[in-house]
Amino acid sequence: MTAPTVPTVPTAPSPRSPRPGSVPAPASASALGASRPGSPDLLRSVFRQHAAGVAVITAQDGGRPVGFTATSLNSVSADPPLLSFTIGTGASSWPAVRDSEHLGVHILGEHQRELAGLFARSGADRFGPPTGWAAGPHGVPVLDGVLAWLVCRVVARVPAGEHRVIIAEAVVGDPAGEGRPLLYHQGRFNALRD
């Protein structure tokens with residue numbers, strides 16, 4: 001018995017791909033001369049150049065709120081409404097994320113640099129004053145004053161090295177916060193510039 005044939009869709013050539021029969025242009029010596037072999041340091045250095053939005057992920061851990069700052073938030077699918085983020089298995093919030101059915105996802109505004117720093121700092125009292133929050137749907141902690149928030153149901157925890165990629169489905173939320181997004185770039189929280 002043979003495996004069924006899966007149809008493929010032809011793709012357009014990349015603008016950088018040479019046309020059939022043509023000779024590719026040589027790469028710039030300055031670009032190739034600076035290349036380095038793949039490593040954790042190289043990946044960190046490259047991603048310092050990548051500006052990312054800032055989110056706080058929250059959960060309940062035995063009736064106690066927990067949370068952490070994440071810059072790895074991604075939209076995965078509109079239908080069903082899925083998102084993903086990563087968390088290290090050594091993180092203090094990992095046990096709650098590992099064991100929770102529902103999580104909170106909060107998009108931070110540029111007015112929330114201190115909040116982003118608080119939730120990124122190890123050993124901080126993240127839910128003490130002045131953090132404003134309330135128990136939301138499914139008991140998930142929902143932060144005050146964010147640009148948008150979702151409560152999501154975890155659908156997968158995918159191993160990826162010493163991290164897990166969490167895939168979650170949006171259950172309920174509010175996109176109506178006011179302000180501009182907070183960004184993370186070059187190891188710092190930054191405001192969006194015009």
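**Exercises: salt bridges and aromatic pairs**

E110 and R180 form a salt bridge, with 3.6 Å between the closest N and O atoms. The model is predicted: local features need pLDDT of at least 70, side-chain atom pairs count only at pLDDT 80 or more, and totals for chains, interfaces and linings use all residues. Residues are numbered from 1 along each chain as its sequence is written, and side-chain values use heavy atoms, with hydrogens and water left out.

**Exercise 1.** Locate E110 and R180 in the chain and state how many residues apart they are.

*Solution.* 
Step 1. The criterion for a salt bridge is a side-chain nitrogen of Lys or Arg within 4 Å of a carboxyl oxygen of Asp or Glu. The E110–R180 pair has its closest N and O atoms 3.6 Å apart.
Step 2. E110 sits in the loop between β6 (102–107) and α4 (113–120), and R180 in the loop between β10 (163–174) and β11 (182–185). Helices (H or I, at least four residues) and strands (E, at least two) are DSSP runs, numbered from the N terminus.
Step 3. The two residues are 70 residues apart, and the pair links distant parts of the chain.

**Exercise 2.** Classify E110 and R180 as buried, partly exposed or exposed.

*Solution.* 
Step 1. Buried means under 20% relative accessible area, exposed over 50%, and partly exposed in between (1.4 Å probe, protein chains only).
Step 2. E110 has 27% relative accessibility, so it counts as partly exposed. R180, at 28%, is partly exposed.

**Exercise 3.** Describe the salt bridge of R153 with E169.

*Solution.* 
Step 1. The closest N and O atoms of R153 and E169 are 2.8 Å apart.
Step 2. R153 is partly exposed at 32% relative accessibility, and E169 is partly exposed at 22%.

**Exercise 4.** Determine the geometry of the aromatic pair F119 and F127.

*Solution.* 
Step 1. Rings of Phe, Tyr and Trp (its six-membered ring) pair if their centres lie within 6.5 Å; planes under 30 degrees apart count as stacked, over 60 as edge-to-face and the rest as tilted. The whole structure holds four aromatic pairs.
Step 2. For F119 and F127 the centres are 5.2 Å apart and the planes make 85°, so the pair is edge-to-face.
Step 3. F119 is buried at 1% relative accessibility, and F127 is buried at 12%.
Step 4. Together with W133, F119 and F127 form one aromatic cluster.
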